[in-house]
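Please work through the following exercises with the sequence and the model at hand. Each task is followed by a solution in steps.

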Amino acid sequence: MTRLIATDLDGTLLHDDKSVSRRTVAALAAAEEAGIAVFFVTGRPARWMGVVSDHVQGHGLAICANGAAVVDLHAMGSEPTGREFVQVRPLPRITALKVVEALRAAAPGTSFAVEMTTGINYEPTYPPFFQDPGGNVATAEQLLDEASDDDSAPVLKVLAHHAELAPDEFLALARSVADAYASITRSSPTSLLEISGPGVSKASTLALCCEERGISPAEVVAFGDMPNDVEMLGWAGTSYAMGNAHPDVIAAASGRTVANNEDGVALVIERILAERAAGAQP
């Protein structure tokens with residue numbers, strides 16, 4: 001029996017315009033009312049969770065930054081202060097510096113941003129599209145210096161962008177030179193990599209959360225669309241690749257649903273609840 005639904009957000013639960021459809025809101029609420037926990041499992045930072053923070057029931061927890069943080073969405077105000085973090089699995093700064101060094105040598109032209117619990121900081125050449133206002137601007141080496149002003153803030157992940165390499169090519173190259181140091185993945189359609197601490201992923205943090213609740217992988221249904229979802233889909237007892245999913249995601253999932261813009265997550269939840277109701281009939 002399904003006890004927990006784990007769903008990615010962008011390209012999965014959310015429509016392309018970043019909205020949550022009425023059908024999806026209703027399906028999430030119905031699942032929670034039926035006793036099925038819903039975990040949002042995303043690469044997004046905690047401060048970008050406002051899009052779904054109103055659609056959690058019971059526990060209100062979400063896994064953010066590709067597993068680097070567990071946050072309490074109920075504790076979040078309009079201006080996140082860091083108090084919403086329930087658990088942090090940081091990327092050690094010395095490890096992050098090794099990855100930066102390796103990528104600078106293997107892929108000249110790579111620019112970096114550093115995501116911390118206090119917000120994002122970035123290099124001057126990092127694409128403006130991905131910048132949050134108010135971040136510090138300096139080289140990655142300076143941003144990761146233990147003596148920096150943010151030395152007390154844990155590093156959640158490092159972002160690496162390349163303007164010329166194809167997304168999957170950049171990912172393969174990064175893993176070939178730095179996989180021994182950190183977990184490297186991607187969720188953007190552009191050449192933007194997300195680098196987390198060793199062993200940190202959506203799957204490993206979800207597994208920890210489920211273990212705390214006595215929930216087995218066989219009792220989890222997971223949804224995703226991009227390479228950062230692959231491990232989670234492989235771990236869950238039942239998993240669905242979205243109709244718009246990356247080929248690696250389709251290969252990793254045990255099933256497939258329709259695209260995010262067609263409410264693929266809601267479709268499966270509705271089916272699960274209908275089958276449960278039918279099984280309860282005399």
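The model is predicted, so local features need pLDDT of at least 70 and side-chain atom pairs count only at pLDDT 80 or more, while totals for chains, interfaces and linings use all residues. Residues are numbered from 1 along each chain as its sequence is written, and side-chain values use heavy atoms, with hydrogens and water left out.

**Exercise 1. The whole protein**

Task: Describe the secondary structure, burial, contacts and surface of the protein.

Solution. 
- Step 1. The protein has 9 helices and 13 strands; these are DSSP runs, numbered from the N terminus, with helices (H or I) of at least four residues and strands (E) of at least two.
- Step 2. Of the 282 residues, 54% are buried. Buried means under 20% relative accessible area, exposed means over 50%, and partly exposed lies in between (1.4 Å probe, protein chains only).
- Step 3. Among contacts with a separation of 6 or more, 57% join residues 24 or more positions apart; a contact means heavy atoms within 4.5 Å.

**Exercise 2. Helices H3 and H5**

Task: Determine how H3 and H5 are oriented and which residues join them.

Solution. 
- Step 1. The axes of helix H3 (residues 93-106) and helix H5 (residues 167-178) come within 9 Å and cross at roughly 125 degrees. Each axis is a line fitted to C-alpha atoms over the stretch in contact, and angles run from 0 to 180 degrees between N-to-C directions.
- Step 2. H3 is therefore oblique to H5. Angles under 35 degrees count as roughly parallel, over 145 as roughly antiparallel, 65 to 115 as roughly perpendicular and the rest as oblique.
- Step 3. From H3, Val99, Ala102, Leu103 and Ala106 meet Leu173, Ala174, Val177 and Ala178 of H5.
- Step 4. The residues of this contact comprise 8 nonpolar, no polar and no charged. Ala, Val, Leu, Ile, Met, Phe, Trp, Tyr, Cys and Pro count as nonpolar, Asp, Glu, Lys and Arg as charged, and the others, Gly among them, as polar.

**Exercise 3. Alanine 178**

Task: Is alanine 178 buried or exposed, and what does it contact?

Solution. 
- Step 1. Alanine 178 belongs to helix H5.
- Step 2. Its relative accessible area is 1%, so alanine 178 is buried.
- Step 3. Beyond neighbours within four places in sequence, alanine 178 contacts Val99, Ala102 and Ile184.
- Step 4. The C-alpha atoms of alanine 178 and lysine 98 are 7.9 Å apart, although 80 residues separate them along the chain.
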